[in-house]
Every structure is written in structure tokens, then in C-alpha cells.
Amino acid sequence: MSERLCPRDEADVVEAVRWAVSNQRTLDVAGAGSKAALGRHIQTDATLELTGLTGVTLYEPEELVLSAKAGTKVAEIEALVAASHQMMAFEPMDFGPLLGVAPGGGTLGGLIACNLAGPRRPSAGAARDHALGVRAVSGRGEAFKAGGRVVKNVTGYDLPRGLAGSYGTLAAFTELTIKVLPRPETVETLLVLGLADAAASAVMSAAVGSYYDVSGAAHVPTDVAARLPAVAGAGAAVTALRLEGVKPSIVHRRGKLEAMLGAHGTLSVLDADASLAFWQAVRDVEPFALPVGADLGTAPVVWRVSVAPMAGASIGAALRETGAMSLYDWAGGLVWLEMPGAEPHTARVRAAVAAAGGGHATLIRASAAVRAGEEVFQPLDAVTGALIGRMKSGFDPGRVLSPGRMYAGV
């Protein structure tokens, strides 16, 4: 087991990284560990645990801005902003259940490091689009800050966005500033029942492209819908369209959608409480969740595939004969695949993505041995690989921070 370093503040983080640089040691940058099984499996000399850096340092509801230390729990932030009828609009998923970890453990630093976003991603953007400012320590052992507390604060490189999704390979976050938005007054979900995957893609595309402000569009095939309490009683595939806002507006928009889509299948409606439960389940991919403490070495492999929305159904069709189960979010542009066992079928998954016109396939859940031997993230072309290598050399020339977490040698 590697040594654990538990800094109490940014100065401690600087000291820890400088120690690693001077002694040629490697550090696994970590928060609460809810996403430790994401990315390639790596072995480092020590783990830099940032859970000691906690607390909201600024919250101005009238300015829609919040700052917090990197180790602050996302659940704590969500509860705080909800009390002011606000939300993190990018709807970050909780990876815990999918990886056999208790829910509610994720931190703000881990959220931005993995660039997480949920069903509202097509309309609200990803986590990086809500990152306003950052304080961090580079792999050189240098503390730096970038961005600020307002949206229009960038005069050079947009480092808060650039560092989002880097999985701790470029810098260790110590504090982050994000944008929050007002929470909708209420929500309803229109369901179209019994559609095949391809037909559901067409329905979702039409709904999202309409004037009726659909904030979420997901398709759950029959076998997966049976695992979702909110729609298990339907006994059929479920295509869900979320409507948010004030009640009269929702009623009007739902009526228009019902008129537009009624010929495609049987229609049903989820009320506010059922809608909240359903979309949280989609956000956290609950049909593929594991019991806490489950062995990832024997659990079914899970892939996350991002493609053009109309191409999503072809991914599910191409892999159905392997026994893969699919869940479609982002109007079909995000496909979650649960394979029938511990074999990842990597070549077939990547071939399906290429045949669909290209996209990104990320191995989310697999054993440590599989994650050490596979390309977990979408393989890079030569130009992108060179650019990422240069970024790593600029921020972390000694390859101290989470080396190899995303790509070998980076």
C-alpha cells in the first residue's frame, strides 16, 4: 500500500508535491475515493488525499457564484444551493453506486477533475462550462490561480476549463469557483412507451429540436426499464422527455408534445416526485449499479460511449449480440453499456463507435487488471496526443501527478 499524504491547506499541498519532485516520487491525486476506479489502473509511491481541504469559502446567491475547497462534498454544496432555490445546472452524476461505493461521497475537486455532467448536459453544458476560477498546485510544486468569480473573466488561456477533465494529471486542485443557476419551480416527464431504440432516437431528436424546451431526453429499453422503480410498471421500453419550469408552461408544452408524438406510441406522464426519482436514476445509471463493496474484478464491465445523438441506437444494435444492455441519455448521444461479464470486448466497442461515425468510448467499470492493460479512454490521434503530451510537460515535467491515469506516459 502506498504512503498517504493528507494536506490541511494549500501550503501543505505545495510542500507535498515539492517533496515528490525532489525525491522523484509519484503521487496519485485523490479526493474521497468515490472515483478511484475510474481511468487506467496506476501504481504510485504515495496518495495525495485532498479531503482535508474542505468548506465553502464564498456563496453569493444573488451573483450565482460559489467557491469551495476541493475536498468539499458535492452533496454538501447541492444542499446549500438548494436552500436558496438554486442548483448545479450541469447535474453532475454520482459515480459511487456504479463503482460499488456508497453514494454521496464525491468532492468538488473530483467532479471538476473528471468533468462530470448529467442529463442536462446538452442544454446546460458540462462541468467545465460552469468552472469560473481555480486555485491549484502544478506538478512543479507551484501554487497558481486562474479565472475569477464572474463569467467574463478570461483574458488569456481559460485554465479552469482546460484543467477540467484532466483527472489530476496536470495539477492538484485546492479551491474552485463555479457558477450556479436558479432551480426550476417544478418538473414533469412525458413518456412514450414501447419504442425500439432507433425509433426512440428519432422521437428524442424531434422533441429536443422543437420549441418546447425539453431539458432531458433519455431512452430506456424494456430490460433496463424493469430495473428502474419509477417506470418498472410500464412493462415496455420508455422514452422520457423532461419539461421544467412553472406549471402553466409545462402543461402547455406537454400538450404540444403529446399532439406531436401521440402517433408514435402510448403516452404517459410522471409527476414531479416520480420525475425527480427517474432522472436521478438515469443520471447515476442506477440500473447498472453495484452493491457497496462489490468486487469490480467479477462485476459486469460498463462502457460510456459519446456519439452523435442519432448514432446512439446503432451502438446498442452492434453490441446486442454480445449480450450488452444499453441505456441512452442526451437524446441518444450518450450510451451506457453493461456487458454480460468481466470481458470488455474493447475491439468490438471501438469498431461500433467508428462505424457510427466516430465518437468517444470510455471504459468506466472493469477490474484493475483490465484497466491496466486496455486503452481506457478513446485512443488519441497523433496531433491530439502531441498536444496533451506538451500540456503534461508544461504542468508536470517530472510526471509526478497521477502518471498514466489517462494515457500511458502522460
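Me: What counts as a helix or a strand here?
Reply: Helices (H or I, at least four residues) and strands (E, at least two) are DSSP runs, numbered from the N terminus. Residues are numbered from 1 along each chain as its sequence is written. The model is predicted, so local features need pLDDT of at least 70 and side-chain atom pairs count only at pLDDT 80 or more, while totals for chains, interfaces and linings use all residues; side-chain values use heavy atoms, with hydrogens and water left out.

Me: What caps its N-terminal end?
Reply: Asp9 does, with a side-chain oxygen 3.2 Å from the backbone nitrogen of Ala11. A polar contact is a pair of N or O atoms within 3.5 Å; within protein, one must be able to donate a hydrogen and the other to accept it, and residues adjacent in sequence count only if both atoms are side-chain atoms.

Me: Which residues of α1 are buried?
Reply: Glu10, Asp12, Val13, Val14, Ala16, Val17 and Ala20. Buried means under 20% relative accessible area, exposed over 50%, and partly exposed in between (1.4 Å probe, protein chains only).

Me: What covers them?
Reply: The cover includes β1, β2, β3, β7, β8 and β9, with contact meaning heavy atoms within 4.5 Å.

Me: Back to phi. Where is Trp330?
Reply: Trp330 sits in the loop between β16 and β17. Its phi is positive, about 55°, although it is not a glycine.

Me: Buried or exposed?
Reply: Trp330 counts as buried because its relative accessibility is 12%.

Me: What about His345, where is that?
Reply: His345 is in the loop between β17 and α11. This residue is not a glycine either, and has a positive phi of about 55°. His345 is partly exposed, since its relative accessible area is 24%.

Me: New topic: Ser166. Which backbone oxygen does its side chain reach?
Reply: That of Leu163, at 2.6 Å. Ser166 lies in the loop between α5 and β9 and, at 7% relative accessibility, counts as buried.

Me: What does Ser166 touch, leaving aside neighbours within four places in sequence?
Reply: Ser166 is in contact with Ala113 and Met406.
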